Amino acid sequence: FLMAQYRAIFKNAYFKGLTSAVLLTAGLAAGAAQAETVTLPIPGTTAITSGHSGNSIIVDGEALFTGTTSTPAQATSVTITNGSTLAPAHKGGDVLAVANTIRLDGGTLDLTSSWLQGQATFEGEDDDGFTAKLIDNGNSTINLQNSLLQVASATLSEGTTVTIGGVVEGAENGATKGWNAASSALNVRASGSEAGPSSILINGANITIDDDGLMTVSQNSNVTGDTKSTFTMNAGTITLTGSALARRGDSSDTAYDITTDKDRDGNNIGAAIVSTNSAVANFNGGQIVVADGDVGQVHGANMNLKGTTFENAGIMQIGGRLTVSGSNTSDKGVITMTAGAINNSGILHLGSALGNDGETFVNDESTITAKGGTITNSSDGEIHVHSTLKMTGADIDNEGNLIVENGAQFVLDEQKDNKTVDGVLTVGGTVQVDGRIDVAHGTLDLSTATSVTSQGGSTSSVSSPSGSIILGS
């Protein structure tokens with residue numbers, strides 16, 4: 001039904017070959033408009049249609065919307081009251097355009113197999129962004145499966161449940177299973193260049209990025225200087241339950257098979273959170289979870305890990321660039337960890353991107369600086385360092401396997417307030433060096449490691465230019 005439009009959206013500069021998304025960029029907010037208030041449902045009228053273009057809609061009960069890309073349902077604003085539901089009239093193809101505000105006061109916005117665009121008139125793929133704000137006041141439900149929700153900014157509050165992606169059974173009008181997984185998006189991008197950046201704020205909501213989901217924060221090129229688009233997570237839980245990353249990315253534009261696209265080890269690739277183009281992602285609290293058997297990724301051009309706990313029992317990547325089919329969806333990462341924890345009992349890739357083949361992990365040229373907090377790797381865990389990991393004050397508790405991949409650097413540079421200190425970093429478990437370990441300052445104690453091996457060759461080295469390395473007997 002909306003496949004041509006979906007294909008166009010997911011083939012832009014940031015998202016070619018990607019799947020479900022939460023997208024955030026910057027620009028101009030909408031001005032207020034005068035509107036007559038209409039409460040639905042009322043006798044004889046249960047649905048928002050094109051005839052409501054000048055109305056402010058209050059949903060008090062169960063209401064529908066019905067429209068097409070050429071004749072969308074329209075409203076100035078929509079408020080969904082506690083216990084009420086707004087949904088498409090059909091299971092495929094309904095379109096709603098809202099100019100100013102979509103507000104949830106404990107209600108349900110179920111957009112299964114539909115499209116809600118946050119501006120006065122529907123314009124299909126709109127690179128200039130949107131005008132309506134999504135304001136959630138908590139204890140609400142938002143379902144985005146085979147659907148698009150496009151707004152200028154979004155606030156998701158405590159008690160709210162958001163589901164993005166996943167397969168919808170029985171979708172109408174040719175919405176195949178492959179496209180169900182590849183077409184779900186909360187797309188947050190403000191219109192214009194004068195009002196500054198957009199933001200997405202998570203204050204306690206529980207978000208599931210399901211099969212093939214992608215949450216993305218992107219800086220609009222029209223916003224310059226220190227004003228940045230931001231993704232901020234203060235509390236709540238984001239659960240990444242992905243099973244594959246992207247469509248095949250070839251010219252045929254065919255949906256991939258989510259059961260067969262794998263990485264080099266035969267594992268599925270997974271859901272992702274991405275901040276791009278100098279946008280800032282602040283992980284202040286809450287937790288990011290990848291369970292056993294699931295796959296997830298967190299990538300960012302500028303990421304600050306200030307208190308969020310990352311729990312991985314499946315396969316997780318944390319790094320800069322997310323590369324799909326030869327296109328970078330984010331710049332090389334500058335990632336700083338000052339608090340919080342990374343707890344790994346599965347397979348964790350740090351500073352990695354997918355290669356152009358969509359299968360292998362490669363160095364993404366990121367720098368991850370761990371100034372505080374704790375990185376824990378259990379006895380069953382594997383941590384693969386693909387780019388540069390600088391330990392400058394954080395603790396690492398390794399009982400599993402720590403692998404410094406070819407071309408990567410594990411750097412110990414113990415500092416405090418920009419002054420060198422005689423810190424000691426103790427690393428147990430097994431340590432495999434295919435790249436480099438450099439002890440710039442401080443002491444790297446490997447005496448408790450069960451084994452330390454080097455693959456040799458010109459790119460593999462262990463050195464201590466201004467520090468010390470302690471090895472076991």
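This is a predicted model: local features need pLDDT of at least 70, side-chain atom pairs count only at pLDDT 80 or more; totals for chains, interfaces and linings use all residues.
Local features need pLDDT of at least 70, side-chain atom pairs count only at pLDDT 80 or more, and totals for chains, interfaces and linings use all residues. Residues are numbered from 1 along each chain as its sequence is written, and side-chain values use heavy atoms, with hydrogens and water left out.

Strands are DSSP runs of E, at least two residues long, numbered from the N terminus.

Contact means heavy atoms within 4.5 Å. Neighbours within four places in sequence are left aside for T79, which then touches I57, I58, V59, R103 and D105. With such neighbours also left aside, the contacts of A205 include L156, E158 and A235. A205 lies 67 residues from G138 in sequence, yet their C-alpha atoms are 7.7 Å apart.

**The largest cavity**

A cavity is a set of points on a 1 Å grid over the protein atoms alone, where a 1.4 Å probe fits but cannot get out. The whole structure holds 3 cavities of 30 Å³ or more. The largest has about 60 Å³ of space, a volume filled by probe spheres set on the points, which are joined across faces, edges and corners. Its lining residues (an atom within 4 Å of a point) include L305, M337 and A370. Strand β26 (334–344) and strand β30 (367–370) each supply at least two of the lining residues. The largest share, 3 residues, comes from β26. The lining has 10 nonpolar residues, no polar and no charged. Ala, Val, Leu, Ile, Met, Phe, Trp, Tyr, Cys and Pro count as nonpolar, Asp, Glu, Lys and Arg as charged, and the others, Gly among them, as polar.

Notes:
On a 1 Å grid over the protein atoms alone, a cavity is a set of points where a 1.4 Å probe fits but cannot get out, and a pocket is an open set with protein on both sides within 12 Å along at least five of seven lines; lining residues have an atom within 4 Å of a point. Helices (H or I, at least four residues) and strands (E, at least two) are DSSP runs, numbered from the N terminus.
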